[in-house]
Amino acid sequence: MSTLTSLARAEAVRAGRAQPIATVRHVHVHDRPLVLVPLTLAGEANAPLAAMVGDDPDKPRLLVVAQPRNRDQRFAFATALAGVIVSYADGFTARVEAVAGDRARDIRVRFADAPQIVVPNPGGVDFARLFGRSTRFRRSYGDYAVDPAVPMLGRWLTFFAERAEYPGSCLLLAATEALALHWATGQSLVEDQNLAALLGWIDPPVGLTGAQAAVLAEDAGTWPPAGPTTDPTFDSTVLAPLIQAGDVPGLEKALTAQLEPTWGLVWRAVDRLRALPAGPRVAGRWDADKEAYTAHVQHLRDGGPPQPRRDSATAAAQRLNRLERAQASYAAQRAFDDPLVLAEYRLAGEAFVGTVTAAEPERVEGAGRSRKLRPHIVVSTADPVRLAPGTALVAPTRSGQKATLIAITGDGVLLELSGGMGRAATPAPGTVPEVGERICYSSLTDGYQPVADFPRREDTPWTHGGPPAGYDPAPVGDAADAAATDTVAADAAEEWS
Amino acid sequence: MSDVEARLARIRGTAPVREHTARTIAALTTNPGCDRRAVLDAAGIDKQKLAGYVEFPVPSGQSPFAISRGNAFEAQVKADGCAGLLRLLGERLGLPVPEVSYADLAPAGTGASLDARHARTRELLAEAAAAGPDGGVLLDHPLLRLDVGGRAAYLEPDLIAVRLRGRFHVVEIKSFAVIDGQADGRKVAAAATQAAVYVLALRGLLAELGYGPETVADEVVLICPENFANQPTAALVDVRRQLTVLTRQLSRLARIGDLIATLPADLTFDLGAAGAQPEPGCGGGEHPPRFSDDSAVPGRPVVEVVGALHATRARYAPECLDACELAYFCRDEARGQTAALGRSVHDELGGVPDVAGVLDLAAGTRVPDPDQAEAAELLRLAARLRAESLASAL
Ligand code: SF4
């Protein structure tokens, strides 16, 4: 949040409908996403009750657990869900594309597309993570054997849920979050968690204000909660008697009625997002998703083990470092793609837009061999610049050139440029901003930052838990099962009731 | 009856007193600055019913599945005189298990009265406190009392473990799962606040017996099922912050006299005949009957009750939605205020209280008060950047 988005909320109150806080779309929207609306049984640890799932808005597939505390029925649900999710997730391996590798002339190959799952809200992402956790260590033989599709589902769901934590990744999207990235409503963030209310503000029905539509959306009778938690009144008046009676057709009918409104809302959210023009850097982030997808498929094909229950200390630190760098670069990319996001940084004084009022393009420093081109320009701006002298800045339109802030004077911001001017004694034409040019500078970068050095896994200091035990990173034989033995022993025997 | 009590009785009217529970006391911490709720809570008014009466009912009730699951887990933990729990406490807190005895203050079917249970709890705690640091006792179904705005509220912690490492510990059993060491943060926070209520009550009782607050640990033991296997695990949760907030709010309620002195002398939330009716079942969200069925005596006009509500100062924030039964009423009343959009939004808009004011200052069509000069400048700049960016994207 910032003053800018808060101002947009105030505007939304007056206008009676949500206001844009982005001018382009910052998420990738798949041509054929898979929508998943899960429901769980209240009080239990992520016990599935039902799900509506599918890649065609007109053909939802309904899965129901008639006795949610029954272990066999729960795994029958997991097997059926695997039938939909695993085959969808597996279905993007037919086409590959070649990309440049790390070194010159290296060519790598990755899948040309990747899957995208859309759930209603962050609770749906949690469902994927927890259901992945409770299924990926299962075994298809021995005591408590399950269908081989079950652990495979667990590994896919875990993959999606882990990617969902990665800033800018779009393999698993929560509809409320994707919408909230683009619109500010006239209600609070707490109320924005309700998908029906959020869409009520974004797309109020004819004759209603956003506020009125949102109040109607809070009626659980008309708009059942988008899950995974169900409405307690529905639980006591409808669900409990049907489960008690073992009335399967009745359950299917009742749960369809609970799920269908949300199913429609998620597809509406997808359409609403798709209608926005994509930001220029969205495709690059989707490429990163394709890389992650390719690596995961490769890992499965190589017989690699399931994701560990918890990261080792080193892996956790590496992951945190990766996420932080991804966060910074994601923020910068969105600002470069979208003047409305950039405006946040301008308001904070970390970026400014202005006009070049003076330029000294052929200015040099040093002499002889150490003679360097160091042009000076002055940018006059009405923005409140809060950057210290010496700060390195970049213009999104001239990303190969560094501008060092020398001073802020009454005339504007004095910048010294280096790089991106060609090899001649004077700058190549057009490489130095000219007087009269409108330009933006900021301290944001989405470029490469060196990875921090971490001890290798086997060198993990004992203060951080020592080397990970019982976990063989090499994909040998039944490593997957070896890794999971202790978990399986505890979890396989569970009763869940 | 003191003047304050008489005033509160008048404010409540003919309706029966709504007794506090650990949950309602815990809810006091969510919006401590609200006068409206302070008055209603001090007077023991049923806010759920009041909200329904003024036609802003809030959904209520817990899923029967959650309730039965919670009961089943508690029974499992307490089975065999808490044998499994003692083992867990031994592992977690280093208590030698064989030295612990167990006492159930309300064994199923005995129907012990509240006063009897409270007296027995006090007796056993006095014994245990006098017994010195060795040996322990687990008290099951204890009954504590806490003074809330001058009235005693009865509280039933799940368990009190006595003399673990020389201190009394409150044990709270919750049925939400801890998975790979992670639990839902909001549920943990709610459990911590509720347990803090018990810590306060326990300290109160021991103070009467002449023991200082340090006798009760400010860490509580939280018991939850682990992973998906339904086996209990234990964790210590520090509740010092919750204790501070609770203490502050309780002392505020104790000084409720100052607050009611500022209210109109004839203020009452009496609902008339409708208010004296017993609760219409447990169906949440239903409108209570405006007329009592058999006698057809009209209730008090709704506008009057709304008027009484408006006479008390509210402090609505979106957090109320999870914590107070009047949330929909107060939200409606707060439309057009920046605080209704969230405290952070209110702050980011320079603390300007109303949306119209924000937009006028941003548009430069309102002359700012001297203390709004800085906010006005920020808002004008934000409006300019927003307009410019939206235009440049076209
Ligand atoms: S909902 Fe209203 S009465 Fe309740 S705490 Fe919030 S402002 Fe106060």
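Axes here are lines fitted to C-alpha atoms, for helices over the stretch in contact, and angles run from 0 to 180 degrees between N-to-C directions. Helices are DSSP runs of H or I with at least four residues, numbered from the N terminus.

This is a predicted model, in which local features need pLDDT of at least 70, side-chain atom pairs count only at pLDDT 80 or more, and totals for chains, interfaces and linings use all residues. Residues are numbered from 1 along each chain as its sequence is written, chains are lettered from A and ligands numbered from 1 in the order in which they are written, and side-chain values use heavy atoms, with hydrogens and water left out.

In the contact between the two helices of chain B (heavy atoms within 4.5 Å), Val358(B), Leu361(B) and Ala362(B) of helix 15 meet Ala376(B), Leu379(B), Arg380(B) and Ala383(B) of helix 16. These residues divide into six nonpolar, no polar and one charged. Ala, Val, Leu, Ile, Met, Phe, Trp, Tyr, Cys and Pro count as nonpolar, Asp, Glu, Lys and Arg as charged, and the others, Gly among them, as polar.

Helix 16 of chain B also meets chain A. Its axis and that of helix 1 (residues 3–15) of chain A come within 10 Å and cross at roughly 80°, so helix 1 of chain A is roughly perpendicular to helix 16 of chain B. Chain A contributes Thr3(A), Leu4(A), Leu7(A), Ala8(A) and Glu11(A), and chain B contributes Leu378(B), Leu379(B), Ala382(B), Ala383(B) and Arg386(B).

The ligand has around it residues of chain B, including Asn31(B), Arg36(B), Tyr316(B) and Cys330(B), each with a heavy atom within 4 Å. Helix 3 (35–42) and helix 13 (327–333) of chain B each supply at least two residues of this shell. The shell holds eight nonpolar, one polar and three charged residues.

Turning to the backbone of chain A, a cis peptide bond joins Gly227(A) and Pro228(A), with omega about -5°. Pro228(A) lies in the loop between helix 8 (210–217) and helix 9 (232–245) of chain A.

Conventions. Angles under 35 degrees count as roughly parallel, over 145 as roughly antiparallel, 65 to 115 as roughly perpendicular and the rest as oblique.
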